[in-house]
Structure formats: C-alpha cells, structure tokens
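Visitor: I would like to learn how to read a model like this one. Please take me through it feature by feature.

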Amino acid sequence: MLRGPILIVEDDLEDQEIMREVFDELQISNELKFFTNGNAVLEFLRATKEKPFLIITDINLHGLNGLELREEIMKDELLRKKSIPFIFLSTSDGKQIIEKVYELQVQGYFQKQTSFGAIKEQVKLIVAYWQACRHPNS
C-alpha cells in the first residue's frame, strides 16, 4: 500500500482528466490532489501534515512554473527535508531543459506521451519505482 497523496501539477484540464483515468485504470489507491500552478502546491506543502508520496508536475504552468516550484522547494529547508520525490512530466524537451531540470536535483524527467496507453505505461513505471525505492520519505 502506498502512503500519502500524489500531487499532480497540471494546468490543462484535459491532461488532468487523462491522469485521473490513468490512475483509476492502474488501480493506484493514493488520493490524487490536482493543482494548476506552483504557488498552490507551495501553500499546500507548507500547511499540510500529510506526507505526499510523489509530486508529478508539468514545466509549463501559469504563474509559478514547474522549474520555479522546484527551486522554491529546494530553498525551503522544511520542504526540502520532506524528501518528496519530484518528477517532471512535460512536453518541453531539448538538451537545455533537461540540463536545467537535473541541476534542480529532481528524481526524474519524462516527456509526455501522446497516447493514453503510453502515458499509462509511464505512470505505471514511475509509481512502481517509487513504491520499491527506499528514500527518506518512504
């Protein structure tokens, strides 16, 4: 059994619905919490006593984008110590983006797939990895 909610940061409502369907089909029982921007995630993380299992975020968001969200988490000692696995799932691609992402010490970057089946496979791999992985938040 997985612990804690999975935070999904995605401002496209269609993509949110796809993610909801993927998690339903994979029968992943964690509560999903959807956010449309990084500011809302920071507010939640600073206020909650819950230990989120995973953060999956797009890079391109209105307001505080995914890269800025990660930077803010890394600057905040309390949030950094929560050791929440941080994964990018984004259409953004290219050497510069990937280099920037990993400079922020994220735990993964995945380019968003276009088919439902491919997205489902990505999510299945991500969740299975973090179920098996030992880390400070596990």
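Guide: Start with a helix. In α3, the buried residues are Gly 66, Leu 67, Leu 69, Arg 70 and Ile 73. Buried means under 20% relative accessible area, exposed means over 50%, and partly exposed lies in between (1.4 Å probe, protein chains only). Helices (H or I, at least four residues) and strands (E, at least two) are DSSP runs, numbered from the N terminus.

Visitor: What do the buried residues of α3 pack against?

Guide: Their partners are β1, α2, β3, α4, β4 (86-90) and α5 (95-103). Contact means heavy atoms within 4.5 Å.

Visitor: What kind of model is this, and how are residues numbered?

Guide: This is a predicted model: local features need pLDDT of at least 70, side-chain atom pairs count only at pLDDT 80 or more, and totals for chains, interfaces and linings use all residues. Residues are numbered from 1 along each chain as its sequence is written, and side-chain values use heavy atoms, with hydrogens and water left out.

Visitor: Which residues of α2 are buried?

Guide: Helix α2 covers residues 38-47, and its buried residues are Gly 38, Val 41, Leu 42, Phe 44 and Leu 45. Seen down the axis of α2, they fall within an arc of 165°, so they line one face of the helix. The face turned away from that buried side carries the exposed residues Glu 43 and Ala 47. The cover over the buried residues of α2 includes β1 (6-9), β2 (32-35), β3 (54-57), α3 (66-75) and α4 (77-81).

Visitor: Let us step back. How many helices and strands does the protein chain have?

Guide: The protein chain has six helices and five strands. From the N terminus on, they run β-α-β-α-β-α-α-β-α-β-α. The radius of gyration is 14 Å, close to the 14 Å that the globule rule gives for 138 residues, so the chain is as compact as a globular protein of that length. That radius is taken over C-alpha atoms, and the globule rule is 2.2 Å times the number of residues to the power 0.38. Along its principal axes the C-alpha trace spans about 40 × 35 × 25 Å.

Visitor: How much of the protein chain is buried, and how far along the sequence do contacts reach?

Guide: Of the 138 residues, 46% count as buried. Take the contacts between residues at least 6 apart in sequence: 67% of them join residues at least 24 apart.

Visitor: Now a strand residue. Is Val 9 buried or exposed?

Guide: Val 9 lies in strand β1. Val 9 is buried, with a relative accessible area of 1%. Leaving aside neighbours within four places in sequence, its contacts include Phe 35, Val 41, Ile 55 and Leu 69.

Visitor: Where is Lys 33, and which residues does it touch?

Guide: Lys 33 is in strand β2. At 19% relative accessibility, Lys 33 counts as buried. Beyond neighbours within four places in sequence, Lys 33 is in contact with Pro 5, Ile 6, Leu 7, Ile 8, Phe 44 and Glu 50.

Visitor: And loops? Where is Thr 91?

Guide: Thr 91 is in the loop between β4 and α5. At 51% relative accessibility, Thr 91 counts as exposed. Thr 91 and Gln 111 are 20 residues apart in sequence and 5.4 Å apart in space, C-alpha to C-alpha. With neighbours within four places set aside, the contacts of Thr 91 are Asp 58, Asn 60, Tyr 109, Gln 111 and Lys 112.

Visitor: What is the phi of Ser 83?

Guide: Phi of Ser 83 is near 50°, a positive value in a residue other than glycine. Ser 83 sits in the loop between α4 and β4. With a relative accessible area of 23%, Ser 83 is partly exposed. Gln 105 also is not a glycine, and has a positive phi of about 55°. Gln 105 lies in the loop between α5 and β5 (108-111).

How values were computed:
Arc of directions from axis to C-beta.
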